[in-house]
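Subject: Structure for you to look at

Hello,

Here is the structure I promised to pass on. Please open it, then read my notes below.

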Amino acid sequence: MSIRRGLSGLVATAALGISLAAPSGALAFDVEIKADDSNNHFTPAEVTIAPGETVRWTFHPNAAGGPIAATHNVVVFDGPDWNADELSRSEYFSPDGLGGVSPAPGWHEYTFDAPGTYFFYCEVHSSEMYGTVTVQADDPGPEPVPEPALKVAAKPKNVTVKPSKAANLKAIVKNVGDAAAAKVKVCVKAPKKLLKVKGKACANLKSVNAGAKKQAAFKLKPTKKAKGKAVNVKLVVTASNAPQQTVKAKVKVKKK
Ligand SMILES: [Cu+2]
């Protein structure tokens, strides 16, 4: 309620045509400085805001609508460390002229950037007029866990060979993730009746770092039955810490 009243007071002041300095940050709280003669206090005395927000302390009339009867000010420690040397402080304020000065427009602002708990008080009534501003950083949530992600490409995608020649096929394995892929293996799979793998059908690429590329070459020799046929081949890449990936290639075997 007190916050609401403070803000509506500001709107009224603006409507009168008094030019007000724009707050330097997002205005998060308007703390009332209300002093009924027997009870000097800030309302609210405990404020919680986000980094970069501004708190404004505004001098308001007392409960009866009359002027504040005593002299007040606001002192803000500029860090969560109470031993901070430099303080942000308002001029003394007393609308009825009982000592001190009456600064226009009658408030004091401070923008809090670093998270922590800050202390503020009135130098005249420090034993009863004080409070804290808690600056809470947003919870960034759990950090994403870096993961490897493999992609495999066949080079070329289509290869044409004479029946007497072996087709050369390369598997290009790229890690597009943000962590190293371990125990990376790439294998060529072809129907045995049509293509025979010369050498090993699987290549051990070991680990592939994030952003890195490795390749493996395979030789596929057509059988007699493959003459004149287009044979589908698969390149399959596996890793101990990344999902399996497959790419297709085609070996066209000439009739002669
Ligand atoms: Cu005071």
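The largest nonpolar core holds 29 residues, and Val 173 and Val 233 have the most contacts inside it. This is a predicted model, so keep that in mind throughout. Seven elements are named as giving two or more residues each to that core: β10 (150-155), β12 (167-175), β13 (181-189), β15 (202-208), β16 (213-222), β17 (230-238) and β18 (245-253).

Leaving out residues up to four places away in sequence, Val 233 touches Leu 169, Val 188, Lys 189, Ala 190, Leu 195, Leu 220, Ala 249, Lys 250 and Val 251. One of these, Ala 249, is also the bridge partner of Val 233 in β18. Strands β17 and β18 run antiparallel and are joined by eight bridges.

Gly 116 has Val 135 as its bridge partner in β9.

Five of its six residues are buried, so β7 is largely enclosed by the rest of the structure. Strand β4 (residues 53-59) runs antiparallel to β7, with six bridges between them. Glu 53 stands opposite Phe 112 of β7.

Is Cys 122 buried or exposed? Cys 122 has 26 C-beta neighbours inside 10 Å, so it counts as buried. Cys 122 sits in the loop between β8 and β9. Its contacts, leaving aside neighbours within four places in sequence, are Asn 40, His 72, Asn 73, Val 74 and Met 129. Thr 71 is 51 residues from Cys 122 in sequence, but their C-alpha atoms are 9.3 Å apart.

A few backbone points to check:

- The Thr 43 to Pro 44 peptide bond is cis, with omega near -10°. Pro 44 lies in the loop between β2 (39-43) and β3.
- The Lys 155 to Pro 156 peptide bond is cis as well, with omega near -5°. Pro 156 lies in the loop between β10 and β11.
- Lys 183, in strand β13, has a positive phi of about 50° although it is not a glycine. Lys 183 has 14 C-beta neighbours inside 10 Å, so it counts as partly exposed.
- Lys 206, in strand β15, has a positive phi of about 55° and is not a glycine either. With 10 C-beta neighbours inside 10 Å, Lys 206 counts as exposed.

Last, confidence. Mean pLDDT for the chain is 81, and 75% of its residues reach 70 or more. Over residues 1-24 pLDDT stays under 50, and the model has 23 contacts beyond four places in sequence for that stretch.

Best wishes

Terms used:
Residues are numbered from 1 along each chain as its sequence is written. This is a predicted model: local features need pLDDT of at least 70, side-chain atom pairs count only at pLDDT 80 or more; totals for chains, interfaces and linings use all residues. A nonpolar core is a set of buried Ala, Val, Leu, Ile, Met, Phe, Trp, Tyr and Cys residues joined through C-beta atoms within 7 Å. A residue is buried if 20 or more other C-beta atoms lie within 10 Å of its own, exposed if 12 or fewer, and partly exposed in between; C-beta atoms are placed from the backbone. Helices (H or I, at least four residues) and strands (E, at least two) are DSSP runs, numbered from the N terminus. Two residues are in contact if their C-beta atoms, placed from the backbone, lie within 7 Å. Two strands pair if DSSP finds at least two bridges between them. pLDDT is the predictor's confidence in each residue, from 0 to 100.
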